[in-house]
Amino acid sequence: MRTREAILPDAERIHELVSAYSGDGTLLPRSFAELCENVRDFVVLEDHREIIGCGALHLYGTHLAEIRSITVDPVHQGRGGGEQLVKALMAEAERHHVACICLFTRRPEFFAQMGFSVAQREDLPDKINKDCCVCPRFDHCDEVAMVRGEIPKVSILPEPTTWLVKLRV
Ligand SMILES: CC(C)(COP(=O)(O)OP(=O)(O)OC[C@H]1O[C@@H](n2cnc3c(N)ncnc32)[C@H](O)[C@@H]1OP(=O)(O)O)[C@@H](O)C(=O)NCCC(=O)NCCS
């Protein structure tokens, strides 16, 4: 198994992998168009040239990046592929001199093994202003916020305008 940066023709397979776990809320649903637009955030995991996993690193700034959409095909789970993906994304964050990596998950034990610790959502205002503010589960979020590195002292995204907050149902 090896990881590599994703390219546009991988978007279809990434969509399949993410969709398999978005129905039950394990992963956030990502449309095919959104995946094409953000394909440069992705790393894929290959086994004999077949893509069996993927994960993304969203950059906010040198103060913060977020691991998202990380998954391994169920047939290939438990072989170290998930760990390989997280390590590749951590290396990418390091290459960009990112001080803190965050993620939101329902599988905190998996990430705890890789040096992530539980944080408060309020410690990550950029994440709140980007995604949480329009999430229907804003007031009853069941994901655990985790970080690796220094909790950011700055945030760069503006707070959402009133009309965006009203989109929450
Ligand atoms: C979580 C996931 C990516 C792990 O991938 P994987 O290839 O099975 O993981 P690995 O084989 O690299 O496991 C690495 C270590 O984490 C442990 N681990 C794997 N999945 C775990 C889980 N769900 N909970 C706790 N620990 C887990 C393994 O036992 C292993 O520990 P070890 O090195 O002591 O044996 C995979 O189970 C998956 O795709 N799950 C569905 C999507 C998901 O939950 N994504 C993460 C949430 S955002």
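Among the 18 residues around the ligand in this predicted model, those that come nearest are Thr71, Gln77, Gly82, Glu83 and Glu109, a residue being near a molecule if its C-beta atom, placed from the backbone, lies within 6 Å of it. Residues are numbered from 1 along each chain as its sequence is written. Because the model is predicted, local features need pLDDT of at least 70 and side-chain atom pairs count only at pLDDT 80 or more, whereas totals for chains, interfaces and linings use all residues. At least two residues of the shell around the ligand are supplied by each of strand 4 (64-72), helix 3 (81-95) and helix 4 (108-112); helices (H or I, at least four residues) and strands (E, at least two) are DSSP runs, numbered from the N terminus.

The chain contains six helices and seven strands, which follow one another from the N terminus as β-α-α-β-β-β-α-β-α-β-α-β-α. Its radius of gyration, taken over C-alpha atoms, is 16 Å, close to the 15 Å given for 169 residues by the globule rule (2.2 Å times the number of residues to the power 0.38), so the chain is as compact as a globular protein of that length. Along its principal axes, the C-alpha trace spans about 50 × 30 × 25 Å.

Of the 169 residues, 30% count as buried, that is, with 20 or more other C-beta atoms, placed from the backbone, within 10 Å of their own. In helix 1 (residues 11-19), the buried residues are Ala11, Ile14, Leu17 and Val18. These cover an arc of only 120° around the axis (taken from the directions from the helix axis to the C-beta atoms), which puts them on the same side of helix 1.

Terms used
A residue is buried if 20 or more other C-beta atoms lie within 10 Å of its own, exposed if 12 or fewer, and partly exposed in between; C-beta atoms are placed from the backbone.
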